[in-house]
Amino acid sequence: MRNLKRSTSAAVALAALAGTAALATATPASAASYHCKTSSHSVDDPSYNGPDSDNWDFDVTLCAMRSGGYIYTTATVYWDGPYTAKNRSTYTFNKAKFQLQTKRSVSGTDPVVKSGAYTGLEHALEHSSGNGNGSYSTGTLKSKAGSSRYLADGYIQLDWSGDGKSYRSPILFTASPVV
C-alpha cells in the first residue's frame, strides 16, 4: 500500500510539473515583436587619400514595435570599415552619432514623435575589430501610442578628423515597416 501511495504521489507531482512547464513555455498568439528593415550605405573617408581602401560600409537595421499602448523603436549599426582603421583608431572621427527617431506615419513627411542622439557610435567605430568591423546598438525609445501608425527612422552623422569640417550631411537609411 505504501508503494502505491508513493507511485500515485509521484505521478501527480510529475503531471503538475509537466502542466507548469507547458504553461511556462507557451507564448500568447498576440505577443508583440519588432518589425525591422535593414538598408546599406557606403561612405568614403574624405580625410584619407592614400593607396589603401578607406570606405566604411554601413548596414543599419531599424525596428519598431507596438505593445501595451506604446511604440518602441531601436536600431543596430553594423559596419565593415577599412582594415587600416585600426592603425588610425581614435584619430578617425572628431564626432559620430546615430540619430534614432520614432515617427508617426502620415501622408507626406512623417513627423518626429521622439528622437535620441547616440554618440557612443564614435567610440564603437574607432574601436573596431582588427579587420575594421563592428556593430553598435542604440537604446530603445518608448513613446505613448495613439491610434496612428508609427515607424523607426534614423541616420548617421560623421565628423571626420583632419578634414576641417564639422558633421557632414546625414547618411540616410530606410525606415522600418509601420506598426
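**Aromatic rings and buried charges**

At 2% relative accessibility, W160 counts as buried, because buried means under 20% relative accessible area. The model is a predicted one. The partner of W160 is F93: the ring centres are 4.7 Å apart and the planes stand at 40°, so this pair is tilted. The two residues come from distant parts of the chain, with F93 in strand β4 and W160 in strand β8, 67 residues apart. F93 is also buried, at 2% relative accessibility.

The structure has four aromatic pairs. Another of them joins W56 and F58, whose ring centres lie 6.5 Å apart with planes at 15°, so the pair is stacked. W56 is buried at 1% relative accessibility, and F58 is buried at 1% as well. Together, W56, F58, F93 and W160 make up one aromatic cluster.

Now turn to the charged residues. D153 belongs to strand β8, which covers residues 149–160. Its relative accessible area is 14%, so D153 is buried. The side chain of D153 makes a polar contact with the side chain of K103, at 2.9 Å. Beyond its neighbours within four places in sequence, D153 also touches other residues, including L62, F173 and A175.

K97 is in strand β4, residues 93–105. K97 is buried but has no salt bridge, and the nearest side chain of opposite charge, D159, is 11 Å away. Leaving aside neighbours within four places in sequence, the contacts of K97 include Y118, Y155 and Y167.

Y167 also has K95 over its face, 4.8 Å from the ring centre. In a further case, the charged end of K142 sits over the ring of Y70, 4.3 Å from its centre.

Notes. Residues are numbered from 1 along each chain as its sequence is written. This is a predicted model: local features need pLDDT of at least 70, side-chain atom pairs count only at pLDDT 80 or more; totals for chains, interfaces and linings use all residues. Side-chain values use heavy atoms; hydrogens and water are left out. Helices (H or I, at least four residues) and strands (E, at least two) are DSSP runs, numbered from the N terminus. Buried means under 20% relative accessible area, exposed over 50%, partly exposed in between (1.4 Å probe, protein chains only). Lys and Arg count as positive and Asp and Glu as negative; His and the chain ends are not counted. A salt bridge is a side-chain nitrogen of Lys or Arg within 4 Å of a carboxyl oxygen of Asp or Glu. Contact means heavy atoms within 4.5 Å. A polar contact is a pair of N or O atoms within 3.5 Å; within protein, one must be able to donate a hydrogen and the other to accept it, and residues adjacent in sequence count only if both atoms are side-chain atoms. Rings of Phe, Tyr and Trp (its six-membered ring) pair if their centres lie within 6.5 Å; planes under 30 degrees apart count as stacked, over 60 as edge-to-face and the rest as tilted. A charge sits over a ring if NZ of Lys or CZ of Arg is within 6 Å of the ring centre and within 35 degrees of the ring normal.
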